[in-house]
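This note sets out a few points for a reader who is new to protein structures. Please keep the structure in view while reading.

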Amino acid sequence: MGLTKTNQDLRRDLKSAALALEDAAQDMFRMAKQYGEAELLAAMQRIEALYVEADRLTQYADEVKAGKILRTPSEKCPADTCRDTPLSQRAGIDCVACPMKAKYCLNTAFRKIARSVHEAARDVARCIAATAQYVRSRHERKKVEMLFAHLKRILKMDRLRLRGMSGATDEFTLAAAVQNLRRLAKLTSQGSPLTG
């Protein structure tokens, strides 16, 4: 059975997502070789999970080729927000025999799954977000972003009042100095003043 254009795209997307996960696993393995034994074992567990997910996506691609999973062209959304979310659906033959149909597909003949075309990139981002290095960088990034939020909200630096590069540099330097002085005052304060 020949595949329609949308099903060919779905199969290609699944295959490319599987290859991206395998590439990420290989990169993690290369990086993990530099660390100690405990870190290597933890990385190997994450790598194994990536390979399992890649195998699952490859299996889905094979099911698309066999005609068990179909992608229907998404209907035109009035706000055009659904452009990047085509619908994938299981063929009705699979759903009839499935014991979970009564639980999940009560009113439909088959299951429809909305999967964004950007889901492969999101999967890679989720894998990166699970690492300890990402947690540490997120913690450090929060400290810096809080300083900029304070500059914008409290010190009213939402826009620069001076024109030109030198004016902007001067204004930002003064605001940063004010911020540092406030932090210094907090760190050196001794509590309530003595009353005499």
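Where is the place of Arg 163?

1. Arg 163 is found in the loop between α6 (132-153) and α7 (164-188). The model under discussion is a predicted one. Arg 163 counts as exposed because its relative accessibility is 65%, and the cut-off for that word is over 50%.

2. Arg 163 also belongs to a positive surface patch.

3. Is Glu 63 buried or exposed? Glu 63 is placed in helix α2, which comprises residues 37-66. With 14% relative accessibility, Glu 63 counts as buried, because buried means under 20%.

4. Glu 63 may also be considered together with Arg 11. The two residues are separated by 52 residues in sequence, while their C-alpha atoms are 8.8 Å apart in space.

5. Which residues are buried in helix α5 (residues 119-129)? They include Glu 119, Asp 123 and Cys 127. These residues are on the same side of α5, because they cover an arc of only 90° around the axis.

Terms used:
Residues numbered from 1 in each chain as written. Predicted model: local features only at pLDDT ≥ 70, side-chain atom pairs only at ≥ 80, totals over all residues. Heavy atoms only, no water. Patch = residues over 30% accessible without salt bridge, like charges linked within 9 Å, V, L, I, M, F, W, Y side chains within 5 Å. Areas by Shrake-Rupley, 256 points an atom, 1.4 Å probe, with all protein chains shown as cover. Salt bridge = Lys/Arg side-chain N within 4 Å of Asp/Glu carboxyl O. Lys, Arg positive; Asp, Glu negative; His and termini not counted. Charge placed at Lys NZ, Arg CZ, Asp CG, Glu CD. Helix = DSSP H or I, 4+ residues; strand = E, 2+ residues; numbered from the N terminus. Buried < 20%, exposed > 50% of the residue type's maximum accessible area, 1.4 Å probe, protein only. Arc of directions from axis to C-beta.
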